[in-house]
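Good morning, and thank you for joining. I would like to take you through the aromatic rings of the structure on the next slide.

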Amino acid sequence: HATNHVLDKGEKGIRNTLDFWASQPDVIAVGLYENEQELNRIHTIERGGVTFAVLAYTYGTNGISLPAESPYRVAYIDEPFILQQIQEAKSMADCVLVSMHWGAEDSMKVEDWQRELAQKIANAGADLIIGHHPHVLRSVEWITRSDGSKMLCAYSLGNFISTQMDAPNLLGGILNVTLNVGASPYAQTESVEFTPTIAEYN
């Protein structure tokens with residue numbers, strides 16, 4: 001829920017969103033939090049004996065701010081905070097997944113600041129970056145960490161489904177990544193499969 005639209009419906013929308021996900025015991029929701037304590041807590045989920053830490057951040061919220069007295073928190077892109085959370089997550093999880101809501105809308109070009117931040121996220125110990133927000137596809141790239149190991153970064157998977165009608169906005173993709181944990185300090189990416197999608201309207 002770390003997206004630019006997360007505050008569109010105000011605190012009532014936040015409350016309804018958090019209440020819904022609280023009713024789903026096998027799901028964790030990240031990026032939008034009850035309070036400061038939850039924002040700072042590393043959220044994990046276990047599947048098949050593997051513990052995943054899931055972190056999510058957004059570049060902004062369309063100029064909408066929470067009331068000063070609000071306990072709710074949105075996870076914004078803040079480099080020191082992100083790197084500190086990744087390092088903490090690395091100490092308690094087998095795999096660290098990072099969701100980034102970033103990049104200029106309708107542009108397929110990865111910005112320099114994104115590549116610079118992605119490099120720092122990789123060096124801090126993240127195992128995979130999934131990017132979104134531009135509404136168009138951007139490149140999926142390997143990032144080489146300072147120790148020579150590699151991390152996969154999908155800068156934008158485009159639109160899965162939307163009502164946007166321009167040709168580039170009709171395209172998206174599903175990324176299927178197989179990670180091998182425990183073999184090294186990082187989860188090793190063993191295979192990557194990209195399935196293209198297209199939305200069609202009559």
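Let me begin with W102, which is buried at a relative accessible area of 0%; buried denotes under 20%, exposed over 50% and partly exposed the range in between, with a 1.4 Å probe and protein chains only. Please note that this is a predicted model, in which local features need pLDDT of at least 70 and side-chain atom pairs pLDDT 80 or more, while totals for chains, interfaces and linings use all residues. Residues are numbered from 1 along each chain as its sequence is written, and side-chain values use heavy atoms, leaving out hydrogens and water.

The structure contains four aromatic pairs. Rings of Phe, Tyr and Trp (for Trp, the six-membered ring) pair if their centres lie within 6.5 Å; planes under 30 degrees apart are stacked, over 60 edge-to-face, and the rest tilted. One of these pairs joins F20 and W21, edge-to-face, with 4.9 Å between centres and 75° between planes. F20 is partly exposed at 44%, and W21 is partly exposed at 29%.

W102 and W113 pair as well: with centres 6.0 Å apart and planes at 85°, they are edge-to-face. Because W102 lies in the loop between β5 (95-101) and α4 (112-124) and W113 in helix α4, this pair ties together parts 11 residues apart in sequence. Helices (H or I, at least four residues) and strands (E, at least two) are DSSP runs numbered from the N terminus. W113 is partly exposed, at 36% relative accessibility. Ring pairs link W102, W113 and Y155 into a cluster.

Finally, the charged end of R145 sits over the ring of Y186, 3.6 Å from its centre; this requires NZ of Lys or CZ of Arg within 6 Å of the ring centre and within 35 degrees of the ring normal.
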